[in-house]
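Visitor: I would like to go through this model and its ligand site with you, one question at a time.

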Amino acid sequence: MRKERRALNRFDILTLFPAMFQGPLQESILRRAQDKGLVTIRVHDLRTWTHDRHRVVDDVPYGGGAGMVLKPEPVFEAVEALRQGSDSTVVALTPQGLPFGQRLASELARLPHLILLCGRYEGFDDRIPQGLQALEVSIGDVVLSGGEIPALVVLDATVRLIPGVLGDETSALADSFATGLLEHPHYTRPTLFRGMGVPPVLLSGDHQAIARWRRKQALRRTRERRPDLLSRASLSDLDRQLLVEIETEDAGIGRESRDESN
Ligand code: JAH
């Protein structure tokens with residue numbers, strides 16, 4: 001019998017601002033996953049691993065320049081205290097990291113123990129990710145004040161992929177991103193809201209027509225907003241037919257007057 005790789009069940013987060021995690025960890029999916037015993041999430045103040053009176057974690061940059069740099073000693077001591085041999089993967093949230101996405105989330109969700117390093121100031125002394133063999137991860141090309149919010153992004157995206165955390169219906173959501181298209185639009189009651197209606201096909205009860213309309217909308221939105229995704233998606237014969245219809249409609253009647261009922 002093949003040895004299953006254990007699902008991820010432990011997170012240790014290293015930060016100078018542990019209070020930033022208290023709200024997010026106590027609500028919704030992250031809360032439920034912990035309550036069900038499916039995951040253990042611990043948040044640690046990096047200053048725990050300082051030894052001086054002022055608990056200093058930063059210093060001026062060699063070579064000069066503005067701002068401060070996170071010192072290696074407290075981070076190494078913390079990781080050495082938390083690391084569980086080869087079970088542990090160290091992830092440093094930095095703007096220089098590998099782009100985070102659903103693919104990387106599903107790879108991280110298969111690991112048993114993640115240590116998330118949240119930087120502040122101008123960033124880490126580069127011997128931190130190097131010496132700890134950390135995987136550097138970026139959540140996108142945006143400047144933030146530290147790695148805490150990116151760590152929460154990685155945490156949320158990863159925990160929801162741990163088996164048992166989500167019900168069956170919602171787990172399809174991650175799948176739909178994995179298929180590589182944006183989602184179709186959603187509607188609920190009332191049927192008329194401030195002059196805005198609901199596409200009639202959704203009220204028709206014709207499930208095949210509804211499925212076709214939703215797929216076409218997904219393709220249309222992806223083509224308009226994320227053509228990069230469309231070129232990588234695996235498309236069926238029906239998808240290609242729907243895309244031809246979309247392109248014909250766009251060429252003929254234009255955006256404003258497009259008939260969205262088909
Ligand atoms: C900012 C350390 N990928 C977004 C991202 C991640 C981390 C940081 N900024 C943006 C950051 C300051 C210090 C990390």
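Visitor: Which residues lie nearest the centre of the largest pocket?

Guide: This is a predicted model, and its largest pocket has a volume of about 480 Å³. Of the 25 residues that line this pocket, those lying nearest its centre are Leu 93, Thr 94, Pro 95, Gln 96 and Gly 123.

Visitor: Which element gives the largest share of the lining of the largest pocket?

Guide: Two elements, β5 and β7 (135-138), each give two or more residues to the lining of the largest pocket. The largest share, 4 residues, comes from β5.

Visitor: Where does the ligand sit, and which strand gives the most to the shell around it?

Guide: The ligand sits in the largest pocket, where 15 residues surround it, the closest being Gly 119, Ser 138, Ile 139, Gly 140 and Leu 144. By class, this shell is made up of 7 nonpolar, 7 polar and 1 charged residues. With 3 residues, the strand that gives the most to the shell is β5 (residues 88-99).

Visitor: How much of the accessible area of the ligand does the protein cover?

Guide: Polar atoms of the protein face nitrogen of the ligand at 3.1 Å from the side chain of Ser 138, at 3.0 Å from the backbone of Ile 139 and at 3.4 Å from the backbone of Gly 140. Of the 360 Å² of accessible area that the ligand has on its own, the protein covers 95%.

Definitions and conventions. Residues are numbered from 1 along each chain as its sequence is written. This is a predicted model: local features need pLDDT of at least 70, side-chain atom pairs count only at pLDDT 80 or more; totals for chains, interfaces and linings use all residues. Side-chain values use heavy atoms; hydrogens and water are left out. A residue is near a molecule or strand if one of its heavy atoms lies within 4 Å of it. A polar contact is a pair of N or O atoms within 3.5 Å; within protein, one must be able to donate a hydrogen and the other to accept it, and residues adjacent in sequence count only if both atoms are side-chain atoms. Accessible areas come from the Shrake-Rupley method with a 1.4 Å probe; for residues, only the protein chains shown count as cover. On a 1 Å grid over the protein atoms alone, a cavity is a set of points where a 1.4 Å probe fits but cannot get out, and a pocket is an open set with protein on both sides within 12 Å along at least five of seven lines; lining residues have an atom within 4 Å of a point. A molecule sits in a cavity or pocket if more than half of its atoms lie within 2 Å of its grid points. Ala, Val, Leu, Ile, Met, Phe, Trp, Tyr, Cys and Pro count as nonpolar, Asp, Glu, Lys and Arg as charged, and the others, Gly among them, as polar. Grid points are joined across faces, edges and corners, and a volume is the space filled by probe spheres set on the points.
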